[in-house]
Amino acid sequence: MATNGDHSFVEDFRNRDIIIGIRDGVSLEFNLVKRADAKISVFDSSVLVGDGVWEGLRIIKGNVQYAREHFERLFQTAYALWIDLGVTKRELLELIYKTIDANPGMVESDDVHLRLICTRGLKSTPYQSRKVNVGKSLIIIIPEYKKVDSSTYENGIKLVTSWVRRGSPDTKDEMWNHLSKATDIMASLSAEAAGADGALMLDHNGFVKTCNATNFFIVRKGELWAPTMDNQMHGITRQKVLEISRRHGIVVKEQNFTNTDVYTADEAFCTGTFASQVPVKQIDGLKIGKGRMGPITLQISHWYKEDVLRDVSRSRDETLSSLES
């Protein structure tokens, strides 16, 4: 088992020989290469200045979960950052399908996680300016067999409140899924050093905001509380949880709240594309509720799985067409 809190997964030997898709930003050629042969230039923007956008995608039976929502976020962020992807949403999804199909067994699997990386592309020299960029975005598609470690759901995870704060939009817009993850990484490393599975992060006013890699929720007296959207990643799973909960009659409140509200909550959980809903059993050494997945979290998890299955049960052509709506 490879354990890492809300991203705990089961090691799979097949990942040593995966096929990776790479669309060159200069020639615009797309190639499928073995993991051992996958290489990019040291002059790529991702290497020189950590510049690019990314998405984590879940693949079920060869189809991309919530493809439309993920692609809307990706293209929105790329546009805001002046990154020329050089492909349409449909063309990009077709490249993903080609990469999945090149890996034996992935079309049949329920447990494929894919990292999609779109850098600003090649540079002629180390420099931040777009003026030295050559061509368009370098696109990297890395699919892996990655099953969630079931003990994550059974045992829950421990969080500690981080000294690292989530920035405001006038410093770095936290809704960008940008390759520059230094603040989140520092929060994660500090939490690990303290013996926790992950970090709970506050905003600049001291209100609870998010975890270092996932969004955060609490349940109090039957109500679902979520931090406001500012100063955090606009998570696809987060939004689906809010929509599904409202649809089934749960009182949902998006509002500011403090650590005290968290410590005395009945339930707490994290959400993300990889593990869906992960129960939080302890924060800052204090047990949350009964210290395991609570009944409302469990019910939301069931509703969420049903919604996911409805989404991925469509044909690939239907999923491709949804990107154009």
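Biologist: What volume does the largest pocket have?

Modeller: The space in the largest pocket of this predicted model comes to about 1,000 Å³.

Biologist: Which residues lie nearest its centre, and how many line it?

Modeller: The lining of the largest pocket consists of 42 residues. Nearest the centre are His7, Trp54, Arg115, Asn212 and Ala213.

Biologist: What is the make-up of the lining of the largest pocket by class?

Modeller: There are 18 polar, 13 nonpolar and eleven charged residues in the lining of the largest pocket.

Biologist: Let us turn to α5 itself. Which of its residues are buried?

Modeller: Asp184, Ala187, Ser188 and Ala191 are the buried residues of α5. They line one face of the helix, since their directions fall within an arc of 100° when seen down the axis.

Biologist: Why would such a spacing give one face?

Modeller: An α-helix has 3.6 residues a turn, so residues three or four places apart point the same way.

Biologist: And which exposed residues sit on the face turned away from the buried side of α5?

Modeller: Ala182 and Ala193 are the exposed residues carried by that face of α5.

Biologist: How does the length of α6 agree with what its residues should span?

Modeller: The twelve residues of α6 should span 16 Å at 1.5 Å a residue, and the end C-alpha atoms are 17 Å apart, which agrees. Among the buried residues of α6 are Ile236, Arg238, Lys240 and Leu242. Just after α6, Gly249 takes a positive phi of about 90°.

Biologist: Now the second largest pocket. What is its volume, and which residues lie nearest its centre?

Modeller: Its volume is about 510 Å³. Of the 20 residues that line the second largest pocket, Asp111, Val148, Tyr153, Ser276 and Lys305 lie nearest the centre.

Biologist: Which elements give two or more residues to this lining?

Modeller: They are β4, β10 (147-148), β18 (276-283) and α8 (295-312). The most comes from α8, with six residues.

Biologist: And the classes, and the place between domains?

Modeller: The lining of the second largest pocket has ten nonpolar, five polar and five charged residues. Domain 1 and domain 2 both contribute to that lining, so the second largest pocket lies between them.

Note on methods. Residues numbered from 1 in each chain as written. Predicted model: local features only at pLDDT ≥ 70, side-chain atom pairs only at ≥ 80, totals over all residues. Heavy atoms only, no water. 1 Å grid on protein atoms, 1.4 Å probe; cavity = no way out; pocket = protein on both sides within 12 Å on 5 of 7 lines; lining within 4 Å. Points joined across faces, edges and corners; volume = space filled by probe spheres on them. Nonpolar A, V, L, I, M, F, W, Y, C, P; charged D, E, K, R; others polar. Helix = DSSP H or I, 4+ residues; strand = E, 2+ residues; numbered from the N terminus. Domains from an automatic or database assignment. Expected span 1.5 Å × (residues − 1). Buried < 20%, exposed > 50% of the residue type's maximum accessible area, 1.4 Å probe, protein only. Arc of directions from axis to C-beta.
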